[in-house]
Amino acid sequence: MIVITTPTGQIGGRLLQILLDETRTRDEELRVIVRDPGRLPGGVRASVDVVTGSHGDAEVVDRAFDGADAVFWLVPSNPREASLDAMYSGFTRAAAKAFTAHRVGHVVGVSALGRGTPVAGRAGHVTASLAMDDLIASTGVSYRALANPTFFDNLLWQVASLRDNGVFTGTEAADRKAPTAATRDIAAAAAGLLLDRSWTGTGEVPVLGPEDLSPNDLARIMSEVLGRPIRYERQTLDAFGTALAGRGVGDALVQGYLDMMRAKDDGLDEGVRRTPQTASPTTFREWCEQVLKPAVQA
């Protein structure tokens, strides 16, 4: 039995589809935790066991983890959460107890790059995510944290600006190269770990994408794929924070984003070397052709 949280999200939804395909010929059952089962496609609802509710709720995870061999763990964003600790470790505490109570063997979690770097302790959301990893690991469960950089898919928040103005924004220097990855590759990495549970202990699995890219690189590739000029505009951190607050993000989380972006500028994502094991396959050009371009043209 594999339990999947956030089965309607970017990563969890893709993971669920992979597992549905892969488990047709395997002796594996799938269970999902979802607030609104109506958001699951009808064919999916008929193929999985559904536990309705929040996976931050003790009673819900107690039901969901009964008989579970493995769990996919992802903390959902809550823009009005009072603190970063509440958003990550606070949300996870009930599940951590349930992992132990139900003797769950393996957990795969979505986390971030940065552990071991000089800025890991002052990186906002990343610092809180690493603390969540430590909480899960302390239960004694076999745990793998998917250590991720910035997602390609974050650009989907800027589809209107790309379509209408040919512009995307960020806080990093235009020529600063950094790892970026597709969420579908993160889902694929999670699926591999959940299906092959021969691993033990705790550790990280970096998902770095195939190459480091700068905002200027992203602009060039998007221009070529979309067939129109795309340019990058660098935001100040103050402007970024103001924009987040304008979208209803609370003060604690805004500060967490600002701290994270400062840490990225100071090398947060540079602590892991890209190897055949840490690189993920989807190129930014492929992602633009298959995901971004249809979204811009819709």
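Helix α9 passes helix α10 in a right-handed crossing. This is a predicted model. Two packed helices are described by the angle between their axes and the distance between the axes. For α9 and α10 the angle is about 150°, and the axes lie 9 Å apart. On the α9 side, the residues that meet α10 are Leu 237, Phe 240, Gly 241, Leu 244 and Ala 245. Their partners in α10 are Val 254, Tyr 257, Leu 258, Met 261 and Arg 262.

In soluble globular proteins, nonpolar side chains tend to be buried together.

Phe 65 shows what such a position looks like in detail. Leaving aside neighbours within four places in sequence, Phe 65 is in contact with residues including Val 3, Val 71, Trp 73 and Phe 99. Arg 31 and His 102 are also among the contacts of Phe 65.

The next topic is the aromatic rings. A pair of aromatic rings is described by the distance of the centres and the angle of the planes. The count comes to seven aromatic pairs. In one of them, Trp 73 and Phe 91 are 6.0 Å apart, centre to centre, with 45° between the planes, and the pair is tilted. Trp 73 is in strand β4 (residues 70-73) and Phe 91 in helix α4 (residues 84-101), so the pair links distant parts of the chain, 18 residues apart. Both Trp 73 and Phe 91 are buried. The rings of Phe 284 and Trp 287 have centres 5.9 Å apart and planes at 20°; the pair is stacked because this angle is under 30 degrees. These two residues are three apart in helix α11 (residues 284-297), and therefore about one helical turn separates them. Phe 284 and Trp 287 are both buried. Trp 73 and Phe 91 also belong to one aromatic cluster with Phe 65 and Phe 99.

At 1.5 Å a residue, the 13 residues of α1 (residues 10-22) should span 18 Å, and the end C-alpha atoms are 19 Å apart, which agrees. Among the buried residues of α1 are Ile 11, Leu 15, Ile 18 and Leu 19.

Technical notes
Residues numbered from 1 in each chain as written. Predicted model: local features only at pLDDT ≥ 70, side-chain atom pairs only at ≥ 80, totals over all residues. Heavy atoms only, no water. Helix = DSSP H or I, 4+ residues; strand = E, 2+ residues; numbered from the N terminus. Expected span 1.5 Å × (residues − 1). Buried < 20%, exposed > 50% of the residue type's maximum accessible area, 1.4 Å probe, protein only. Phe/Tyr/Trp six-rings, centres within 6.5 Å; stacked < 30°, edge-to-face > 60°. Contact = heavy atoms within 4.5 Å. Axes fitted to C-alpha atoms, helices over the stretch in contact; angles between N-to-C directions. Left-handed = near helix turned anticlockwise from the far one by under 90°.
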